[in-house]
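Keep the sequence and the 3D structure in view while reading.

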Amino acid sequence: MSYDDDDDYEYLPALITALTDPSEGEWTIDGWRIARLGLVQGSAEYGTIYDPLGPEATGFPMRPGGTPVYLVSSEDAPEEPVAALVHPSDTIPVRTEDWGDRVATPSGLAVLHANPTNNWIEPAAQIVKRTWAVLHARAAEGDDWMLENFREMLQHVRVDPTDWPVEPVEGDFENNWLMIPDEAGTGTVLGILVDPDGSNTTACLDAEGNTVAALLTFGF
């Protein structure tokens, strides 16, 4: 479908405009805020999109040197992102596939990384712990449903957070996302707080029908 065919993708013209000028880091276009979060880097040939406490994952090819990720939110609500675009190609997409694939995010945390390990949780271990702390801080302000849901998912995968910090790092998940730089030689890790009911990935195509990007959509 073209980007004008579905109200769910009404931000895509603004996103594509931003992609044509990657030298900038943030744009406000037609009521949408587009932020270039940085590069997902790692030694894996394919990156991973998944919930580290969930049951499934999807992948994306890595661009040499790192794959850029763009976050989309309303200009009036930058703290509530509605989509992320993973762009492993130099080519600008012109349309989406007619359908997408569901990605389970039962903990409310979507993670992107390019760590080749076969250990499911390990690449996201630090971001899971920092999510735990942020959700504690939000619960203390009266917004506790995500913390309780996150706690249940930790129990489900038999992870004990008893000794984890509950004081968040300043600035963590300020607009519901956090990128941890590559400090241990294992690659960058990007976490986004999303709808526990699930997210969707949709392929974005160039004029010849080649997949050049992946659109991850979510909401609350």
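**Pockets and a buried serine**

Helix α2, which spans residues 125-140, contributes the most residues to the lining of the largest pocket, namely 3. The model is predicted.

**Largest pocket**

- The largest pocket holds about 320 Å³ of space.
- Its lining is made of 18 residues, and those closest to the centre are Pro 123, Gln 126, Ala 184, Thr 186 and Val 189.
- Sorted by class, the lining of the largest pocket has 7 nonpolar, 7 polar and 4 charged residues.

**Second largest pocket**

- The volume of the second largest pocket is about 230 Å³.
- There are 17 residues around the second largest pocket, and Thr 201, Thr 202, Ala 203, Thr 211 and Ala 214 lie nearest its centre.
- Three strands, β4 (57-61), β12 (199-205) and β13 (211-217), each give at least two residues to the lining of the second largest pocket.
- The lining of the second largest pocket consists of 9 nonpolar, 6 polar and 2 charged residues.

**Ser 73**

- Ser 73 belongs to strand β5, which covers residues 67-74.
- Is Ser 73 buried or exposed? Ser 73 counts as buried because its relative accessible area is 2%, and buried means under 20%.
- Leaving out residues up to four places away in sequence, Ser 73 is in contact with Trp 32, Arg 33, Pro 78, Glu 80, Pro 81 and Val 82.

How values were computed
Residues numbered from 1 in each chain as written. Predicted model: local features only at pLDDT ≥ 70, side-chain atom pairs only at ≥ 80, totals over all residues. Heavy atoms only, no water. 1 Å grid on protein atoms, 1.4 Å probe; cavity = no way out; pocket = protein on both sides within 12 Å on 5 of 7 lines; lining within 4 Å. Points joined across faces, edges and corners; volume = space filled by probe spheres on them. Helix = DSSP H or I, 4+ residues; strand = E, 2+ residues; numbered from the N terminus. Nonpolar A, V, L, I, M, F, W, Y, C, P; charged D, E, K, R; others polar. Buried < 20%, exposed > 50% of the residue type's maximum accessible area, 1.4 Å probe, protein only. Contact = heavy atoms within 4.5 Å.
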